[in-house]
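Take a look at the chain shown here.

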Amino acid sequence: MTLNPFVKAGIGLSFALLWSCPTLADMTAQKNFGLEVKVTAQSEDDRDLGTRSGGDVNGLGLDLRPWVYGERGNWNAYAMGQAVTATDIIETDTLRASDDGSAIDTGDDSRQPDKSYLALREFWVGYNGFTPYPGEYLRFGRQRLRNDDGMWRDTNIEALNWTFDTTLLKADVGVAQRFSEYRTDLTELAAEDEDRTHVYGNVAAQWTPGHWVGLRAHHTHDSGSLNKPGETIDTLDKTRTGDLTWLGLEANSDAYNWRNDHTVNYWGSLTWLTGDRDKLSSETRNGEQVVTGKQSGDVNAWATDLGIRLRLDPNWQVGAAYARGSGGGGSDGSNNFEQTGLESNRSNFTGTRSRVHRFGEAFRGELGNLQAATLFASWQLREDYDASFIYHKFWRVDDQQNIGSSGINAVVEDNGVNRPLISGEKDLGQEMDVVVTKYFKQGLLPASLSQSIDEPSALVRLRAGVFKPGDAYGKEADSYMHRAFVDVIWRF
């Protein structure tokens, strides 16, 4: 098994960081090492909506994640590895959706996931001594970046990140770029991550107890060259470049904190996207993806996410939400909103400890040329059980433009032309989700790892979604598709 240079460098850096901190004996005495064991059963049928072969997943996966943490004075370091083996290509990581199968098969296996692989999830060194506040720290290395709604950042990526987190003020600023997947099976970066630099910053203040208002900013510089018309493209070729800037306003009632006991919780955000981008257009010829042209132009797009949640009693909450990412702008799609590329869209918006996908466990939409209406109810019994029941309805904003990425990979025949969606149809479909969790053994993890590991030491969780396609997917599509997971997790 051959490791690429970035994986080798990551392994070396991880050991160097850990052994430059306290001795291994000291870390052992402090119990700052452990193992997370995750067993995932997945059932999926079928992400292609019956428009092609494949698209089904049924299997069982074992995911082992050893971790070690050490500190000396104001310095600290952390590393987490990963070993996965499964009976199919099982999705054991909620931060990383499985490949939708849309890439053209070129015979290059550098981006083909294996049933079994080794990986480095995180390895970083940190410093906490710039201010006397316990919630302030600087970290360098591959780390988890996450904001509360998961719609800007929620991923493991190489970054230099400074965070300031206190009772009245929260802020972070940093720069990030993905250099490797640090996996033995994925030896090349995804084309969209190649040569893409992220610079970001957030600040939020608690203007009255339990109510926050904030500003967010994110900029990406996406360099590289694009293929010319008539040339073929494969999975490793970039299909877009450009410079994009997101500016956002947000306000919430600490709604993503599942421990708050407000009778009424709310969240709202408004985001403006500006910049320029070049995107290749292509078509399939003789089984190959061939460039037909390039769309270039300025971007002027926006998005919003609004929600309200009412607490009926100590156990039950109900709520509604609406999100819209603009679309349109002619042939170049200049009004099509897109997210930063670091998002997971998972958050605690239903009011429970379990993070739920904002746009469906099955559909998994991206907020681009998309609007979504959501109704939900959630139940929580002490810190032992929680459950969420969610209904989503999805539409396109502009019926002539495609949507952003999603968990659906249907391609229909429209008058002899292969199209992901039918022109003139806005209805994308609807979905019902259920997420139920039983927790065990509270409080067995070091408090210093709360940013990286934020669950109890054991749990059993069901995540399931049933999606009913709308008219935009055409009459050839199946009536339903489902995606369901059962996760069993122990943390030692």
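The paragraphs below go from strand pairings to contacts, backbone angles, a cavity and a surface patch.

This is a predicted model, in which local features need pLDDT of at least 70, side-chain atom pairs count only at pLDDT 80 or more, and totals for chains, interfaces and linings use all residues. Residues are numbered from 1 along each chain as its sequence is written, and side-chain values use heavy atoms, with hydrogens and water left out.

Start with strand β1, residues 33-45. Strands here are DSSP runs of E with at least two residues, and helices are runs of H or I with at least four; both are numbered from the N terminus. Two strands count as paired if DSSP finds at least two bridges between them. β1 pairs with β2 (residues 57-72) in the antiparallel sense, over 12 bridges. Look for Lys 38: its bridge partner in β2 is Asp 63. β1 is also joined to β23 (residues 481-491) by 10 bridges, and these two strands run antiparallel. Here Glu 44 stands opposite Arg 483 in β23.

A salt bridge is a side-chain nitrogen of Lys or Arg within 4 Å of a carboxyl oxygen of Asp or Glu. The structure holds 28 of them. One joins Glu 36 and Arg 491, at 3.1 Å from N to O.

Now check two spots in the backbone. The peptide bond from Asp 45 to Asp 46 is cis, with omega near -15 degrees. Asp 46 sits in the loop between β1 and β2. Further along, Asp 195 has phi near 55 degrees, a positive value in a residue other than glycine. Asp 195 is in the loop between β7 (169-177) and β8 (196-208).

Move on to β13, residues 288-311. Which way do β12 and β13 pair, parallel or antiparallel? They pair in the antiparallel sense, over 22 bridges. Asn 265 stands opposite Arg 309 in β13. β13 also pairs with β14 (residues 316-325), again in the antiparallel sense. That pairing has nine bridges. Thr 304 has Arg 324 as its bridge partner in β14. A hairpin of four residues joins β13 to β14. Strand β10 (residues 232-233) is joined to β13 by two bridges, and the two run antiparallel. Thr 232 stands opposite Val 290 in β13.

Next, look inside. A cavity is a set of points, on a 1 Å grid over the protein atoms alone, where a 1.4 Å probe fits but cannot get out; its lining residues have an atom within 4 Å of a point. Grid points are joined across faces, edges and corners, and a volume is the space filled by probe spheres set on the points. The structure holds two cavities of 30 Å³ or more. β13 supplies the largest share, three residues.

A nonpolar patch of about 820 Å² includes Leu 215, Leu 270 and Trp 302. Patch residues have over 30% relative accessible area and no salt bridge; nonpolar side chains (Val, Leu, Ile, Met, Phe, Trp, Tyr) are joined within 5 Å, like charges within 9 Å. Accessible areas come from the Shrake-Rupley method with a 1.4 Å probe, and for residues only the protein chains shown count as cover. β11 (240-252) and β12 (264-285) each supply at least two residues of the patch. Leu 215 lies in strand β9, residues 211-222.

Definitions and conventions. 1 Å grid on protein atoms, 1.4 Å probe; cavity = no way out; pocket = protein on both sides within 12 Å on 5 of 7 lines; lining within 4 Å.
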